[in-house]
Amino acid sequence: IRLLYTQLGNRNVKIRNNFFSRITANSIQMRTAVSGGDFSTNGAYVGVDISENLCFDPAYNLTTGHTWFETANIDALTCERNIMLGGGRGLSCGGNRNASYSGNLLVGLYSYGCEMSYSDTVSFAGNLIKDCAYFIAENGQTGFTQSKNVLVTGNLIVGGNGGLAGWNTGDARSTIRLNNNDEGYDGWSILGNTFVDITNVDFVINIRGSTLTTRIAVNDNIYRQTVEGACPQFINFRYGTQIRCRKNAITRNVDITDATGSIAYVVIGITIGSEMDDVSICDNELVFNGIDARSVTHDIIGIGSNSSSGALTALAVNDNTVRGGYSRPLKLVVNSGYTQCFGNDTRLCTGTNQIDAAVVYRNDLRQCSGSAAPTTQAWIRGDIVWNAGAAATGNAGWICVSSGTPGTWKNFGTIAA
């Protein structure tokens with residue numbers, strides 16, 4: 001079904017209840033003469049419903065050249081309750097606005113579940129995605145404003161890459177990818193999704209736009225890993241302002257082995273990159289119930305900021321819980337601006353935090369446990385280290401009485417015999 005480059009301004013188009021199989025190119029292709037998301041000129045489709053279709057190619061057309069539904073420059077689009085089994089790409093969407101993709105089932109796609117660019121006001125809700133190389137890939141297009149006002153919520157994403165390791169073996173394989181470095185993204189909310197056993201990717205959620213990226217929320221998502229071959233990083237942020245990452249639950253119940261990926265990977269739950277401002281990483285829970293079983297071990301980091309983050313400002317890492325086999329529950333390194341870090345609970349980790357001396361603890365005192373007064377890192381007056389080996393006639397802990405690196409420490413709290 002091919003409807004291209006009309007200048008008639010078609011309205012109220014319905015494509016429903018069809019069966020597509022063994023299609024060599026695109027099953028449905030709807031494009032208009034409008035380009036770059038500009039709907040001011042005549043020619044845009046208005047009111048399109050593509051729903052309740054069955055697309056079936058379980059072992060056919062496993063190439064990036066095949067797309068089930070390609071739509072571009074459509075205003076008011078619904079794409080709901082479709083089933084796509086196998087094939088190359090599920091949805092290719094460019095320049096659409098006021099669009100809803102919900103209740104679709106996508107299984108075993110060789111490439112994208114949805115490839116999208118320069119769209120406005122879009123919702124992905126309640127979809128089931130299994131064994132696809134990507135769920136959403138916003139690749140953008142140089143010279144156009146990238147997609148904005150996008151809601152991704154209530155989706156279940158299981159597996160990854162469809163077992164086809166030959167597809168996109170670069171370093172940005174991601175389940176949700178915003179990866180155009182020329183233009184920014186604005187107003188993306190990735191909320192309340194569940195990711196299970198994602199494999200053969202580098203990131204689950206990869207936000208790498210540009211310094212123009214703003215207003216991104218990644219909140220209340222669940223990630224659970226129980227099989228090997230997993231991605232090393234759950235969330236990766238680089239570039240942008242007004243970034244919020246809150247109340248995500250990240251659990252890995254399997255060892256990290258060489259099968260995870262390159263043995264040089266530093267496995268990180270949440271990565272904070274460079275050229276960012278006004279970033280809040282708060283109230284997340286990270287659990288690693290395993291060990292580093294790689295032939296060459298490296299840091300396993302819960303929440304970490306990039307060592308090259310010379311332009312990272314206004315960072316808050318607060319009230320997170322990190323438990324299990326992380327060697328560095330928190331690793332916050334030198335940055336060029338104001339950073340606060342308080343209220344994080346890393347007591348049940350096997351490793352220790354690495355907090356650079358440049359990190360500022362604003363009006364908040366640190367409390368942690370240890371076997372002795374600190375000899376490294378920066379501390380401020382009033383910080384407390386509780387004695388993990390407290391015993392009769394000993395002391396309850398140590399308190400910093402003069403700020404510095406490591407500052408001046410005195411024991412306190414005599415314990416009775």
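## Largest pocket

On a 1 Å grid over the protein atoms alone, a pocket is an open set of points where a 1.4 Å probe fits, with protein on both sides within 12 Å along at least five of seven lines; a cavity is a set where the probe fits but cannot get out, and lining residues have an atom within 4 Å of a point. The largest pocket here is lined by 31 residues. Nearest its centre lie Thr346, Asn353, Gln367, Cys368 and Ser369. Strands are DSSP runs of E with at least two residues, and helices are runs of H or I with at least four, numbered from the N terminus. Strand 37 gives the largest share of the lining, 4 residues.

The volume of the largest pocket is about 800 Å³. That volume is the space filled by probe spheres set on the grid points, which are joined across faces, edges and corners.

## Basis of the model

This is a predicted model, in which local features need pLDDT of at least 70 and side-chain atom pairs count only at pLDDT 80 or more, while totals for chains, interfaces and linings use all residues. Residues are numbered from 1 along each chain as its sequence is written, and side-chain values use heavy atoms, with hydrogens and water left out.

Two strands pair if DSSP finds at least two bridges between them. Strand 24 (residues 222-225) and strand 27 (residues 249-252) run parallel and are joined by 4 bridges. Gln225 has Arg252 of strand 27 as its bridge partner.

## Salt bridges

Side chains of opposite charge can pair when their charged atoms come close. The rule used here asks for a side-chain nitrogen of Lys or Arg within 4 Å of a carboxyl oxygen of Asp or Glu. It gives 12 salt bridges. One of them joins Arg16 and Asp49, at 2.4 Å from N to O. Arg16 lies in strand 2 (residues 11-16) and Asp49 in strand 5 (residues 45-51), so the bridge ties together parts 33 residues apart in sequence. Asp49 is buried at 12% relative accessible area, and Arg16 is partly exposed at 29%. Buried means under 20% relative accessible area, exposed over 50%, and partly exposed in between (1.4 Å probe, protein chains only).

Arg16 also forms a salt bridge with Glu52, with the closest N and O atoms 3.4 Å apart. Glu52 sits in the loop between strand 5 and strand 6 (54-57), 36 residues from Arg16. Glu52 is partly exposed, at 31%. Another salt bridge links Asp186 to Arg215, with the closest N and O atoms 2.8 Å apart. Asp186 is in strand 20 (residues 186-191) and Arg215 in strand 23 (residues 214-219), so this pair ties together parts 29 residues apart in sequence. Both count as partly exposed: Asp186 at 23%, Arg215 at 43%. Through shared partners, salt bridges join Arg16, Asp49, Glu52, Glu80 and Arg81 into one network.

## Aromatic pairs

Rings of Phe, Tyr and Trp (its six-membered ring) pair if their centres lie within 6.5 Å; planes under 30 degrees apart count as stacked, over 60 as edge-to-face, and the rest as tilted. The structure holds 9 aromatic pairs. Tyr101 and Phe124 have ring centres 4.9 Å apart and planes at 10°, so they are stacked. Tyr101 is in strand 11 (residues 97-102) and Phe124 in strand 14 (residues 120-125), so the pair ties together parts 23 residues apart in sequence. Tyr101 is buried, at 2%, and Phe124 is buried, at 2%.

Tyr185 and Trp188 have ring centres 6.3 Å apart and planes at 85°, so this pair is edge-to-face. Tyr185 is buried at 0% relative accessibility, and Trp188 is buried at 0%. Ring pairs also link Tyr101, Phe124 and Phe135 into a cluster.
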